[in-house]
Amino acid sequence: MAEIIQKYLLVTSGNYAPGVKSDCQVSLELCDDGGLQIELVSKVKVFYGKSIVQLCQDIFRFFEVEHARLKIEDSGALPFVIAARLEAALKQVFSTSREYLLPLIKENGYSSVRDRFRFSRLYLPGNNPYLMLNAGIHQPHGIILDLEDAVAPARKQEARFLVRNALRSLDLYGVERMVRINQGERGIEDLKYIVPHNVHLILVPKCEDATHIQNVEKEIARLKGISGIEQDIYLMPIIESALGVEKAFEIAISSPNIVAMAIGLEDYTADMGVSRTSDATESLYARTRFVNACHAAKIQPIDSVFSDVADLDGLARSVNVSKSLGFEGMGCIHPRQIKVIHENLAPDAEEVAKAQKIVDAFCKAEEQGLAVVSLGTKMIDPPVVKRHQKLIDLAVNLGMISKDWRDNYEC
């Protein structure tokens, strides 16, 4: 049974204003009598009014609420959004551990793997359902439902319900399902809204030492035990300060579930007291030290976002610089950036052809029992072959060449 905090307190949740799409605002007041009074303001009331009212009645029944006044101002919200907004409002006026969970749709039952590509990760504000709806169609390698910087402090609690419901009800088209939690204790509290709902990877912001990761891991383990979850939940710490850069390797090896680490240059440059520039010379030390730490720990180094969404040529140049430094992915803040990042991080045909020539020559030498390998006038040593084999593996996984390419290879 819910513990009522305060009756006759009018509370709101959600968004309704000119320009707001696919959302709603609910205004709720618990009463002593009068039953359930539900007022719906919606352009789709004729088509969906009955189902919206029925959903709200079901939620009231679930939480054993018999008397309430509810006004819903709707701008095309889907059921998972309406449910999230109403639950967030209800939990402002009474305390209960119960959760109204919509079914986990079958399209969202897939898992992730440690070494999948993470060239691109698209940030989506965790309190804006409109931007979530078709994000997976753009096929980034990962979608981040963001509970941290993209959500105003006063809206973080209601965003938790929306992100939880999105993980269950929103088709993300097979991309890696990521959530960025908040800092410190607020981030630990975020975990109970996402761990049980098939999140694949959790981004941990503002990491400055291994204890940040250890605290997150401890709570994830506790929640997995309660929920009976067995699948791995991967971690991506975000390094955003001078201290974080200095401790990057310590953080990178702090958990076997860390598969990648990202650097956040907006906060890093602010911490350093310098301006972020397009050529990024002010962060070169941080980025090279960060990349080295990631490769030493055998995890993927992920670069910061490129903030000018209109400058795609500038983005392409930035991606190529990142690639030359050893980065293996980049953040996105707009879908138009995804294709540019993928194209410029992928090897080009000339790189693949060179790698094929070197790997083929090495394999032939090994087959002949030769210890020394040369190609033309150049000697090929194992580290060179290893680097080019990694590029070959990337080309195979991107579908650029067949995994059996040597069967029909002619130099």
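Modeller: Let us start with burial, where a residue counts as buried if its relative accessible area is under 20%, and as exposed if that value is over 50%. Please keep in mind throughout that this is a predicted model.

Colleague: With that cut-off, which residues of helix 2 are buried?

Modeller: In helix 2, the buried residues are Phe80, Val81, Ile82, Ala83, Ala84, Arg85, Leu86, Glu87, Ala88, Ala89, Leu90 and Val93. Helix 2 is thus mostly covered, with 12 of its 15 residues buried.

Colleague: What span should helix 2 have, and how far apart are its end C-alpha atoms?

Modeller: At 1.5 Å a residue, the 15 residues of helix 2 (residues 79–93) should span 21 Å, and the end C-alpha atoms lie 22 Å apart, which agrees.

Colleague: How should I read the pairing of strands, and in which sense does strand 5 pair with strand 3 and with strand 4?

Modeller: The general idea is that strands of a sheet pair through backbone hydrogen bonds, either parallel or antiparallel. Here strand 3 (residues 24–30) pairs with strand 5 in the antiparallel sense over 7 bridges, and glutamate 29 stands opposite arginine 69 in strand 5. Strand 4 (residues 36–42), by contrast, pairs with strand 5 in the parallel sense, over 7 bridges, with leucine 36 opposite alanine 68 in strand 5. Strand 5 (residues 68–74) is itself mostly covered, as 5 of its 7 residues are buried.

Colleague: What handedness does the β-α-β unit of strand 4, helix 1 and strand 5 have?

Modeller: The unit made by strand 4, helix 1 (residues 45–62) and strand 5 is left-handed.

Colleague: How many strands form the open sheet, and in what order do they run?

Modeller: The open sheet holds 8 strands in the order 13-12-11-10-9-8-7-14, and the pairing is parallel. Strand 13 (300–302) and strand 14 (330–332) each have a single partner strand, so one side of each is left without a neighbour in the sheet. On average, and with direction ignored, neighbouring strands of this sheet are turned by 25 degrees against each other. Within the order, strand 10 and strand 11 (residues 234–239) pair in the parallel sense over 4 bridges, and valine 204 stands opposite proline 237 in strand 11.

Colleague: Turning to the rings, how many aromatic pairs does a search of the whole structure find?

Modeller: Ring planes over 60 degrees apart count as edge-to-face, and the search of the whole structure finds 6 aromatic pairs. One of them joins phenylalanine 62 and phenylalanine 63, which are 5.0 Å apart centre to centre with 90 degrees between the planes, and is therefore edge-to-face. Phenylalanine 62 counts as partly exposed because its relative accessibility is 25%, whereas phenylalanine 63, at 4%, is buried. Another edge-to-face pair is that of phenylalanine 161 and tyrosine 193, at 5.4 Å centre to centre and 80 degrees between the planes. This pair links distant parts of the chain, with phenylalanine 161 in helix 4 (residues 156–169) and tyrosine 193 in the loop between helix 5 (184–190) and strand 10 (201–204), 32 residues apart. Phenylalanine 161 is buried at 0% relative accessibility, and tyrosine 193 is buried at 8%.

Colleague: Which residues do ring pairs link into a cluster?

Modeller: The cluster consists of Phe62, Phe63, Phe94 and Tyr100.

Methods
Residues numbered from 1 in each chain as written. Predicted model: local features only at pLDDT ≥ 70, side-chain atom pairs only at ≥ 80, totals over all residues. Heavy atoms only, no water. Buried < 20%, exposed > 50% of the residue type's maximum accessible area, 1.4 Å probe, protein only. Helix = DSSP H or I, 4+ residues; strand = E, 2+ residues; numbered from the N terminus. Pairing = 2+ DSSP bridges. Right-handed = clockwise from strand over helix to strand, strands pointing away. Expected span 1.5 Å × (residues − 1). Phe/Tyr/Trp six-rings, centres within 6.5 Å; stacked < 30°, edge-to-face > 60°. Axes fitted to C-alpha atoms, helices over the stretch in contact; angles between N-to-C directions.
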